[in-house]
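Biologist: I would like to learn how to read a model like this one, feature by feature. Could you walk me through it?

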Amino acid sequence: MRKLLFAALFAALSAAPVCASDYKFDNFAANVSAENLEAFTKDMGGLLGSGTYSTGRILGWGGFLLSARGAVMPKPSDENTALGKDSEVMYMPWIQGEIGLPFRIDGFIRATSWDGLTVAGGGLKWGITRPVDSLYSFQTMITVMAQSGVHRDFSITHYNANLVISFKMPVVTPYIGGGVDYTKLTVEGADDSSLIGKREYTTTPRASAGLNFKLPSYMDLSLAANYANYGFGGEASLGVRF
């Protein structure tokens, strides 16, 4: 049964690139400018920072979670025309693995390769409260993450920190979180040669609210709305938890 669950999880992530996206990174070199680079960097920070958590409860010592995750930006911010003025929805899928460690700490790694952009990184989660499964109990944790990505025309480094709170209920666990994204982007290729090598640094706030469902056969499902520089977006995860 567990082998089937893992196979289904990886199949879901493998199928993700089939979904069409109108927001193409290959258009970056032709459209990036000194005026839209900051907005593009802020939007990327908001997208890359999505889906770090799906509850306020840490796994606890010996716990394990493997999940396929994804985020969506329905529309870039008004100043972000770095991928073309007609660019709209953008998707970003990734795989994330987490493990429970001593001292109320979880470690996690995540990676994706999407539309020519490859990103990898990881971080830590620290439980302010001890992990419990008692009904009507609050769980609170802090998350920190660092990741780097490379595309033919730009490279990006992203740091993220969040405070997360969840409330255990019989069927579902609501959660809310807020934090900050710090993003550095370097232009590696552009039609405007004066931009090559230019670096942009941005710091933006973020927030999310969602629902976590514990499904049969160790499955874990989360759906959430988030708010970042681009406005409202969404995120989801489907995983196997032990």
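Modeller: Let's start with confidence: pLDDT is the predictor's confidence in each residue, from 0 to 100. In this predicted model the protein chain averages a pLDDT of 90, and 90% of the residues score at least 70. Local features here need pLDDT of at least 70 and side-chain atom pairs count only at pLDDT 80 or more, while totals for chains, interfaces and linings use all residues. Residues are numbered from 1 along each chain as its sequence is written, and side-chain values use heavy atoms, with hydrogens and water left out.

Biologist: Where does pLDDT stay under 50?

Modeller: Here is the general idea. Where pLDDT is low, the predicted coordinates should not be read in detail. In this chain that applies to residues 1–22, where pLDDT stays under 50. The model has 33 contacts (heavy atoms within 4.5 Å) for that stretch, counting those beyond four places in sequence.

Biologist: On to helices, then. How many residues of helix 3 are buried?

Modeller: First the terms: helices (H or I, at least four residues) and strands (E, at least two) are DSSP runs, numbered from the N terminus. Buried means under 20% relative accessible area, exposed over 50%, and partly exposed in between, with a 1.4 Å probe and protein chains only. Helix 3 covers residues 37–48, and ten of its twelve residues are buried. Among them are L37, F40, M44 and L48.

Biologist: How many aromatic pairs does the count come to?

Modeller: Rings of Phe, Tyr and Trp (its six-membered ring) pair if their centres lie within 6.5 Å; planes under 30 degrees apart count as stacked, over 60 as edge-to-face and the rest as tilted. By this rule the count comes to nine aromatic pairs. One of these is the tilted pair of F28 and F154, at 4.9 Å centre to centre with 55° between the planes. F28 lies in helix 2 (residues 28–31) and F154 in strand 6 (residues 154–167), so the pair ties together parts that are 126 residues apart in sequence. Both F28 and F154 are buried. For Y53 and Y175, the ring centres are 6.1 Å apart and the planes stand at 80°, so this pair is edge-to-face. This pair also links distant parts of the chain, with Y53 in the loop between helix 3 and strand 1 (64–73) and Y175 in strand 7, 122 residues apart. Y53 is buried at a relative accessible area of 4%, and Y175 is buried with 4%.

Biologist: Which residues form one aromatic cluster?

Modeller: That cluster is made of F25, F28, F40 and F154.

Biologist: And how do I read strand pairing?

Modeller: Two strands pair if DSSP finds at least two bridges between them. Strand 7 (residues 172–187) and strand 8 (residues 199–214) are antiparallel, with 15 bridges, and P174 stands opposite L211 in strand 8. Strand 8 also runs antiparallel to strand 9 (residues 219–228), joined by eight bridges. Two positions show that pairing: K214 faces D220, and S208 has N226 as its bridge partner. Strand 9 pairs with strand 10 (residues 231–241) through ten antiparallel bridges, and these two strands form a hairpin with two residues between them. There, L221 stands opposite L238.

Biologist: What about the hairpin of strand 8 and strand 9: how many residues lie between them?

Modeller: Four, and S217 in that turn has a positive phi of about 60°. As background, most residues other than glycine have a negative phi. Y218, in the loop between strand 8 and strand 9, also has a positive phi, of about 70°. At 40% relative accessibility, Y218 counts as partly exposed.

Biologist: Is Y136 buried or exposed?

Modeller: Y136 is exposed, with a relative accessible area of 52%. Y136 sits in the loop between strand 4 (117–127) and strand 5 (138–150), and its phi is positive at about 60° although Y136 is not a glycine.

Notes: The expected span of a helix is 1.5 Å times one less than its number of residues.
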